[in-house]
Amino acid sequence: MGDSKKNMPAGRGDIANPFENQKTKKTAEQLQVLAAQGVEGFWGEMSKGISWFKEWDTVLDESQAASYHWTWFNGGKLNAAYNCLDRHVTGWRKNKAAIIFEGELGDSRVLTYQDLYREVNKLASALKKMGVKREDIVTIYLPMIPETVIAMLACARVGVPHSVVFGGFSAGGLKERINDSSSKILITADGGFRRGKPVPLKDNADLALENDGCPSIEKVIVVKRAGQPVYMEPGRDVWYADLMENADLYCEPEVMDAEDPLFILYSSGTTGKPKGILHTTGGYMVGVQSTFKYVFDCQEEDIYWCTADIGWITGHSYLVYGPLANGATSVLYEGGPDYPARDRLWKIIEKYRVSIFYTAPTLVRLLMRWGEEWPASCDLSSLRLLSSVGEPINPEAWLWFFKHIGGERCPLVDTWWQTETGMHLITPLPGDDWFRPGAATRAFPGVEVAVFNEQGEPVKPGEQGFLVITKPWPAMLRTLYNDPDRYLTTYWQQFEGVYLSGDGAMVDEDGLIWVTGRLDDVINVSGHRIGTAEIESALLEHGEVAEAAVIGKKHDLKGQAVCAFVTLRIGAQGSAELVTDLKQLVVNKIGALARPEDIIFISELPKTRSGKIMRRLLRDIAEGKVLGDTSTLMDPAVINAIKKSY
């Protein structure tokens with residue numbers, strides 16, 4: 001494909017690691033040496049970070065690999081809640097903060113490990129008294145409050161898989177997930193808060209359950225959060241506080257097999273039925289415990305903040321199970337980043353002296369749009385490590401985050417992984433000698449990834465292809481709940497025995513991986529595959545552009561043409577001259593092949609509640625199609641505004 005450097009995303013170039021920590025650098029080198037000895041040896045060593053009631057017999061069992069099933073740590077016995085709580089409260093950590101809660105209304109709470117241990121035991125005892133058994137499933141539909149963490153760990157303690165449903169989902173989304181999992185118990189709240197207004201969670205739950213809409217539900221536990229008057233169904237609904245008042249202070253943790261289910265988490269379902277991704281206990285806990293420890297270089301004195309909602313996999317792995325398994329202190333915040341003002345995130349960092357900050361590129365770009373004066377007004381000197389998650393971070397956002405938030409002194413660790421993978425798979429480590437803005441870099445030690453062409457062969461430097469995982473990893477999904485056939489066809493059958501991530505990527509001449517976005521976000525122009533992330537990065541180099549989403553629309557001659565939807569920074573105005581400038585910028589950065597045929601200025605991009613841009617809907621609008629599922633959108637009204645602009 002010619003000069004590979006020419007095909008790299010805009011903004012490439014190494015950044016010297018400002019993190020002067022020789023111990024961490026040595027640790028990164030040691031992990032690489034250990035990984036070179038083999039997958040089983042590496043993960044066997046990592047499993048020592050977990051407390052086992054009974055040691056495992058084998059690290060990896062590949063006897064069912066022909067049917068695309070692998071098991072990890074066979075024979076091992078453990079409990080996830082025990083690993084997050086019990087082993088910490090026997091020593092000095094019992095008085096260490098586990099969760100620092102910052103409510104949207106300015107209220108706050110601190111739960112030590114002893115506090116969290118007590119509350120989890122009480123709820124676990126109450127669930128047992130309700131008759132919950134290991135074959136049951138509990139659905140959790142709560143806002144971002146400590147009770148959400150308590151509910152998850154209480155389920156894990158009694159050996160009952162939980163299914164957390166994001167609090168922004170409607171009654172329909174909740175009903176669909178309850179019925180697919182046949183949940184017996186629903187834990188919800190009278191409401192939560194978003195930009196100062198109550199979110200009617202209990203009302204939504206009642207709508208889902210009305211007219212026997214969820215026949216498997218026997219009990220509904222309701223947490224008081226918003227102080228909203230709600231209907232309580234006699235014999236079915238019970239207040240959380242009343243349940244906890246009479247609960248036992250200790251509940252024996254269930255001894256779980258390593259392959260026993262820990263949770264189901266449904267994907268956002270951008271097309272078709274949501275996928276119920278099933279994770280098991282042993283491999284998942286080893287994966288998230290070890291990646292949290294080494295990717296974030298978390299030390300005892302650190303204050304860690306992951307801004308993700310617990311309703312998504314990032315909240316599961318790197319706000320609940322990963323940090324607590326390591327005895328870390330985490331910030332948990334409720335609400336939006338701009339309420340009561342646009343400096344909310346920075347004030348929280350300043351207030352609690354946050355040292356590790358993990359957030360999404362979509363949020364970084366939004367913060368860029370608001371301007372540097374907001375972070376500049378707060379003391380962010382406590383930060384020592386930044387990290388991003390959710391989608392590829394374009395170089396411009398990377399550099400802004402690095403400069404204006406990290407003060408050019410914090411390493412910025414961009415992580416690639418999925419709901420299905422359970423844990424980080426591609427990421428630099430804090431001890432690496434360099435960082436490259438926009439690159440996912442290399443696989444985490446003990447993980448083997450590649451980029452394949454359509455024939456299943458590794459691509460050449462600069463070429464785009466399919467991002468795949470060539471060897472099993474411990475936190476991998478085991479199946480799709482109630483849908484084993486879809487599990488096989490979605491992930492394993494395009495390349496024999498190789499996991500298809502659904503993302504596109506390329507490899508540069510140094511062997512570093514650049515994730516280009518979802519495969520359906522790769523545009524095929526006259527037979528040439530162009531990643532949307534590459535074009536978006538070029539557009540974002542313009543000083544007046546805040547965000548950009550690029551899609552390919554059908555074209556009679558080219559197959560697909562490039563179409564860009566652009567939001568501008570505050571004060572900027574869309575014009576014909578700006579359209580010309582942006583098109584030329586893309587040509588200069590990538591080439592004439594990538595020149596957008598259309599550039600449409602809009603006030604806001606359509607995003608899911610987890611912050612991902614819904615490019616599928618933009619493509620449907622551009623091609624005049626009937627729109628598919630919009631239930632996952634943060635603000636459905638955005639679609640009508642875009643239609644008018646287009």
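This is a predicted model: local features need pLDDT of at least 70, side-chain atom pairs count only at pLDDT 80 or more; totals for chains, interfaces and linings use all residues.

**Entry 1: α6 and α7.** I started with helix α6 (residues 171–181) and α7, which pack at an angle of about 55 degrees with their axes 8 Å apart. My note on terms: helices (H or I, at least four residues) and strands (E, at least two) are DSSP runs, numbered from the N terminus. Axes are lines fitted to C-alpha atoms, for helices over the stretch in contact, and angles run from 0 to 180 degrees between N-to-C directions. α6 and α7 are therefore oblique to each other; angles under 35 degrees count as roughly parallel, over 145 as roughly antiparallel, 65 to 115 as roughly perpendicular and the rest as oblique. The crossing of this pair is right-handed (a crossing is left-handed if the near helix is turned anticlockwise from the far one by less than a right angle, and right-handed if clockwise).

Which residues of α6 and α7 make the contact? I found Ala171, Leu174, Lys175 and Ile178 on α6, and Asn204, Ala205, Leu207, Ala208 and Leu209 on α7 (contact means heavy atoms within 4.5 Å). Sorted by class, that is seven nonpolar, one polar and one charged residues. For the classes, Ala, Val, Leu, Ile, Met, Phe, Trp, Tyr, Cys and Pro count as nonpolar, Asp, Glu, Lys and Arg as charged, and the others, Gly among them, as polar.

Entry 2: Residues are numbered from 1 along each chain as its sequence is written, and side-chain values use heavy atoms, with hydrogens and water left out. The chain has a mean pLDDT of 91, and 95% of its residues reach 70 or more (pLDDT is the predictor's confidence in each residue, from 0 to 100). Residues 1–12 have pLDDT below 50, and this stretch has 35 contacts in the model beyond near neighbours in sequence.

**Entry 3: α3 and α5.** Next I checked helix α3 (residues 80–89) against helix α5 (residues 146–158): the angle is about 115 degrees and the axes are 7 Å apart. That is why I call α3 and α5 roughly perpendicular. α3 passes α5 in a left-handed crossing. Ala80, Ala81, Tyr82, Cys84, Leu85 and Asp86 of α3 touch Leu153, Ala156 and Arg157 of α5. The contact has seven nonpolar, no polar and two charged residues.

**Entry 4: α16 and α17.** Helix α16 (residues 532–539) and helix α17 (residues 576–589) have axes that come within 9 Å and cross at roughly 120 degrees. So α16 is oblique to α17. The crossing is right-handed.

**Entry 5: a ring pair.** I looked up Tyr68 and Trp492 next. Their ring centres are 6.1 Å apart and the planes sit at 10 degrees, so the pair is stacked. Rings of Phe, Tyr and Trp (its six-membered ring) pair if their centres lie within 6.5 Å; planes under 30 degrees apart count as stacked, over 60 as edge-to-face and the rest as tilted.

Entry 6: Most residues other than glycine have a negative phi, and most peptide bonds are trans. Asn211 has a positive phi, near 55 degrees. The peptide bond from Tyr339 to Pro340 is cis, with omega near 5 degrees.
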